[in-house]
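Trainee: I'm new to this one, could you walk me through it?
Mentor: Gladly, let's open it and take it topic by topic.

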Amino acid sequence: MKPFDFKQPATLEQALTLWHPGAAWLGGGTNLVDLMKIGVARPDTVIDITRIPGLSEIDLADDGSARIGALVKNSDLADHPGFAARFPMVAEALLSGASGQLRNAATLGGNLMQAPRCPWFQLPESACNRRNPGSGCDARQVGGLALIGASEGCSAIHPSDLCVPLLALDAVVEVAGPDGHREVPFATLHRLPGEHPETATTLAPGELIVALRLPAGAARFAGHAAYLKVRERTSFAFALTSAAAALELRDGRITAARLALGGIAPKPWRVPEAEALLIGQPPGAEVFARAAAHALEGADPAARKNWRRLLAIRTAQKALHMAALGTPETLPALPGSVFRSPAQEVSHA
Amino acid sequence: MSLSITLTLNGVTRAIAFEDARVTLLDLLRDRLDLPGTKKGCDRGQCGACTVLVNGRRTTACLTLAATLEGAEVTTIEGLAPEGTLHPVQQAFIDNDAFQCGYCTPGQIMSAVGLIAEGRAGTDPERIREGMSGNICRCAAYHGITLAVQQATRSMVHPDTAAKTGDAA
């Protein structure tokens with residue numbers, strides 16, 4: 001690990017002043033310290049923001065909205081009873097990620113900013129435009145990783161579970177920086193790699209996430225929401241594919257729909273046109289299949305990726321089925337898993 | 001750069017000075033404080049061998065920079081029970097033969113203590129396995145570990161039914 005200066009500002013203002021190019025914010029450390037150990041992150045200064053007051057609160061407003069401080073631990077948010085009741089698929093996504101130990105350390109802000117798990121990004125001796133702009137992309141040896149949204153320069157997949165339902169629910173990110181505070185709609189927080197894979201988000205250098213808000217309208221999906229995550233083992237693994245689905249049902253018809261996918265693109269993926277296909281329809285296998293397929297339109301047709309394209313479609317389809325059945329009273333034993341209690345088994349013809 | 005922290009380690013308040021901000025809690029415990037019970041496995045947060053309690057919650061010591069721990073309360077396997085006694089989770093691991101080589105065991109036990117405190121799993125074997133998935137056992141003693149967590153949960157949370165072991169795991 002490269003040596004670094006350690007700073008522990010007591011206020012947000014101090015933290016913003018301490019930042020300079022080459023400095024890194026430290027929250028829970030589960031991503032940054034790991035990347036520093038393998039030589040992928042090489043900050044000259046680590047700014048520990050965990051002593052800044054006021055960034056660890058979970059506030060639920062009467063209008064149904066919520067504001068969550070950037071330093072709230074993943075486990076604290078998932079276990080907050082009021083929050084989980086209002087935004088069950090966010091809680092389930094949180095609990096489907098990492099391990100109990102990591103969820104106790106990892107913070108909300110860090111989750112939003114986490115680095116990709118692309119094996120070549122994680123290997124300093126390989127070519128990676130994200131890590132070392134202009135050096136090339138060794139993931140092209142295998143035809144690239146992402147199914148959709150990739151560029152010639154980078155096809156790394158966004159690894160977060162949490163970000164998938166946050167995108168679906170139109171979350172808003174509150175950011176502080178040298179030029180003051182601003183709000184970033186979740187859909188514009190992460191960017192596609194394009195010509196500049198090294199710039200993964202729309203945050204300016206030196207900006208810091210201070211909170212996240214879920215709008216009042218998001219809570220209306222509480223009764224019909226699901227997060228489903230397919231992975232190579234049942235627990236403590238990143239998603240092969242995942243989907244957050246939320247429906248509002250009235251008189252047997254869908255009046256509002258949200259669908260976002262994870263594990264397939266450089267950022268959490270949402271296609272409003274796919275959601276629009278569901279509006280006014282009664283929930284059912286056929287319309288769910290149509291919406292799911294639409295969400296994957298434009299996916300890389302390469303034969304070696306076809307199984308994941310099909311898996312992503314079926315993951316989205318099943319998540320919509322589960323949402324239609326209704327959010328279970330309690331979180332399943334295996335959060336996000338396809339191996340759920342019998343009551344959650346889908347039997348749409 | 002010179003750093004100093006004061007933390008409560010296994011119930012004893014200690015002032016600790018060190019020179020390098022790169023020192024993790026894991027290396028601090030093993031190399032500088034003579035507490036090698038916490039094990040180094042992957043050193044990247046993936047195996048759980050270094051699990052300790054920080055402010056009562058289980059976490060991986062390998063990803064925790066020591067410099068961040070000013071004022072923290074840290075419990076390691078050495079401080080889990082008073083000298084000469086066993087914590088109920090330690091006893092349950094012995095009773096259920098929940099290890100083979102033993103290298104992952106301190107981390108498994110600290111993780112189980114944390115899981116039981118979180119109250120998420122109860123005695124449901126599926127939830128215990130999910131809750132313990134951050135701890136890898138390469139000898140694959142998982143069946144015994146699940147039984148041990150069940151037994152310890154009964155004895156700690158529901159002492160009246162502690163004698164009733166043997167739920168299918």
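Trainee: How do the residues of the lining of the largest cavity divide into nonpolar, polar and charged?
Mentor: The lining of the largest cavity has 10 nonpolar, two polar and two charged residues, where Ala, Val, Leu, Ile, Met, Phe, Trp, Tyr, Cys and Pro count as nonpolar, Asp, Glu, Lys and Arg as charged, and the others, Gly among them, as polar. Before we go on, this is a predicted model, in which local features need pLDDT of at least 70 and side-chain atom pairs count only at pLDDT 80 or more, while totals for chains, interfaces and linings use all residues. Residues are numbered from 1 along each chain as its sequence is written, chains are lettered from A in the order in which they are written, and side-chain values use heavy atoms, with hydrogens and water left out.

Trainee: Which residues are the closest to the centre of that largest cavity?
Mentor: Of its 14 lining residues, Cys118(A), Cys128(A), Cys137(A), Cys154(A) and Ala156(A) are the closest to the centre.

Trainee: And what volume does the largest cavity have?
Mentor: Its volume is about 70 Å³, taken as the space filled by probe spheres set on grid points that are joined across faces, edges and corners. A cavity here is a set of points on a 1 Å grid over the protein atoms alone where a 1.4 Å probe fits but cannot get out, and lining residues have an atom within 4 Å of a point.

Trainee: Switching topic, how many residues does each chain give to the contact?
Mentor: Chain B gives 32 residues and chain A gives 38, with contact meaning heavy atoms within 4.5 Å.

Trainee: Which three residues supply 22% of the area that chain B buries?
Mentor: Those are Arg22(B), Leu63(B) and Glu130(B), which supply more of it than any other three residues.

Trainee: How many salt bridges are there between the chains?
Mentor: There are four between chain B and chain A, each a side-chain nitrogen of Lys or Arg within 4 Å of a carboxyl oxygen of Asp or Glu. In one of them Arg57(B) pairs with Asp76(A), and their closest N and O atoms are 3.1 Å apart.

Trainee: Last one, where does Asn55(B) lie?
Mentor: Asn55(B) is in the loop between β3 (51-54) and β4 of chain B, strands being DSSP runs (E, at least two residues) numbered from the N terminus. Its phi is near 50 degrees, a positive value in a residue other than glycine.

Definitions and conventions:
Buried area is the accessible area (1.4 Å probe) that two parts lose on being put together, summed over both. On a 1 Å grid over the protein atoms alone, a cavity is a set of points where a 1.4 Å probe fits but cannot get out, and a pocket is an open set with protein on both sides within 12 Å along at least five of seven lines; lining residues have an atom within 4 Å of a point. Helices (H or I, at least four residues) and strands (E, at least two) are DSSP runs, numbered from the N terminus.
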